[in-house]
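Dear colleague,

Please find below the structure that I promised to hand over to you. My findings follow it, arranged by topic.

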Amino acid sequence: MNLANKITLARIFLVPIIMIFLLVLRFDIGQVHVGPVTLTVSEIIATLVFIVAAVTDGLDGYIARRKKIVTNLGKFLDPLADKLLITAALISLVEMQRLEAWIAIVIISREFAVTGLRLIAVAEGHVIAASTWGKAKTITQIVAIISLMLNNIPFSTISFPFDWWATRVAVLLTIISGIDYFYKNRKLVNYTKPS
């Protein structure tokens with residue numbers, strides 16, 4: 001249990017904290033008014049915790065590579081932590097009626113599909129590294145989630161639907177990155193022709 005893995009575990013433990021502040025305490029600890037939008041204090045706290053968790057996503061990998069402490073546990077926990085964080089946030093936002101369910105379904109389905117591909121790769125002795133499309137997908141998903149958690153603040157003050165556009169860009173890059181992973185690794189999936 002090295003430093004990188006401890007950071008990854010911390011990200012996993014932050015997930016229920018985010019959900020508690022988004023779904024359980026959201027009307028209990030005060031509100032903030034920014035222009036035409038009302039935001040609860042708990043939503044602000046959840047957003048800050050989410051940002052901290054998102055920052056640790058790159059930090060644990062950087063530390064593991066720099067200190068040469070990459071472990072099998074870390075290879076397992078890191079993508080699991082990422083998917084738990086994104087999935088929990090998306091489902092919470094659907095519950096809050098700030099995100100259409102179809103968007104959450106597309107993003108979560110892609111994550112499951114690529115995870116399955118990675119498992120096939122591991123079984124055949126290969127490691128699928130994160131692609132440029134995959135990294136861009138992650139960044140856009142994080143930006144979209146933050147904008148939705150903040151109820152489009154500060155863009156709501158100028159009536160610009162940044163959260164709407166951010167989610168559409170995130171979905172587009174999610175689909176593109178998924179297709180890219182499967183196309184580049186198509187040889188890992190063995191298809192048998194029916195006799």
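Is Phe155 buried, exposed or partly exposed? With a relative accessible area of 28%, Phe155 is partly exposed, because that value lies between the 20% under which a residue is buried and the 50% over which a residue is exposed. Please keep in mind throughout that this is a predicted model.

**Overall arrangement**

The chain holds six helices and two strands. Read from the N terminus, these elements follow the order α-β-β-α-α-α-α-α. Of the 195 residues in the chain, 42% are buried. Among contacts with a separation of 6 or more, 75% are between residues 24 or more positions apart.

**Helices H2 and H5**

Two packed helices are described by the angle between their axes and the distance between the axes. Helix H2 covers residues 41–66 and helix H5 covers residues 132–149; their axes are 9 Å apart and meet at an angle of about 170°. H2 is therefore roughly antiparallel to H5, since angles over 145 degrees are placed in that class. On the H2 side, the contact is made by Glu43, Ala46, Thr47, Phe50, Ile51, Ala54 and Asp57. H5 contributes Thr138, Ile142, Ile145, Ile146 and Met149. Sorted by class, this contact has eight nonpolar, two polar and two charged residues.

In soluble globular proteins, nonpolar side chains tend to be buried together. Here, the largest nonpolar core has 28 residues, and the members that touch the most others are Ile18, Phe50, Leu90, Ile145 and Met149. Two or more residues come from each of helix H1 (3–24), H2, helix H3 (72–95), H4 and H5. H3 gives the most, with six residues.

Ile145 deserves a separate look. Apart from its neighbours within four places in sequence, Ile145 is in contact with Phe50, Ile86, Ala89, Leu90 and Leu93. Phe50 and Ile145 also both take part in the contact of H2 with H5.

Lys137 is buried, its relative accessible area being 7%.

Thr40 belongs to strand E2, which spans residues 37–40. This residue is also buried, at 4% relative accessibility. Thr40 and Leu25 are separated by 15 residues in sequence, and their C-alpha atoms are 9.2 Å apart.

Phe112, in helix H4 (residues 101–123), is exposed, with a relative accessible area of 63%. Between the C-alpha atoms of Phe112 and Lys83 there are 8.8 Å, although these residues are 29 apart along the chain.

Most residues other than glycine have a negative phi, and most peptide bonds are trans. Where in this chain is a cis peptide bond found? A cis bond joins Ile153 and Pro154, with omega of about 10°. Pro154 lies in the loop that runs between H5 and helix H6 (162–184).

Asn151 is placed in the loop between H5 and H6, and its phi is positive, near 55°. Asn152 is likewise in the loop between H5 and H6, and has a positive phi of about 70°. As for accessibility, Asn151 is partly exposed at 25%, whereas Asn152 is buried, with a relative accessible area of 7%.

**Aromatic residues**

A pair of aromatic rings is described by the distance of the centres and the angle of the planes. The chain has three aromatic pairs. One of them joins Phe155 and Phe162, whose ring centres are 4.4 Å apart and whose planes are at 15°, so this pair is stacked.

Trp164 and Trp165 form an edge-to-face pair, with 4.9 Å from centre to centre and 85° between the planes. Trp164 is partly exposed, with a relative accessible area of 39%, and Trp165 is partly exposed as well, with 48%.

With kind regards

Methods
Residues are numbered from 1 along each chain as its sequence is written. This is a predicted model: local features need pLDDT of at least 70, side-chain atom pairs count only at pLDDT 80 or more; totals for chains, interfaces and linings use all residues. Side-chain values use heavy atoms; hydrogens and water are left out. Axes are lines fitted to C-alpha atoms, for helices over the stretch in contact, and angles run from 0 to 180 degrees between N-to-C directions. Helices (H or I, at least four residues) and strands (E, at least two) are DSSP runs, numbered from the N terminus. Angles under 35 degrees count as roughly parallel, over 145 as roughly antiparallel, 65 to 115 as roughly perpendicular and the rest as oblique. Contact means heavy atoms within 4.5 Å. Ala, Val, Leu, Ile, Met, Phe, Trp, Tyr, Cys and Pro count as nonpolar, Asp, Glu, Lys and Arg as charged, and the others, Gly among them, as polar. Buried means under 20% relative accessible area, exposed over 50%, partly exposed in between (1.4 Å probe, protein chains only). A nonpolar core is a set of buried Ala, Val, Leu, Ile, Met, Phe, Trp, Tyr and Cys residues joined through side-chain atoms within 4.5 Å. Rings of Phe, Tyr and Trp (its six-membered ring) pair if their centres lie within 6.5 Å; planes under 30 degrees apart count as stacked, over 60 as edge-to-face and the rest as tilted.
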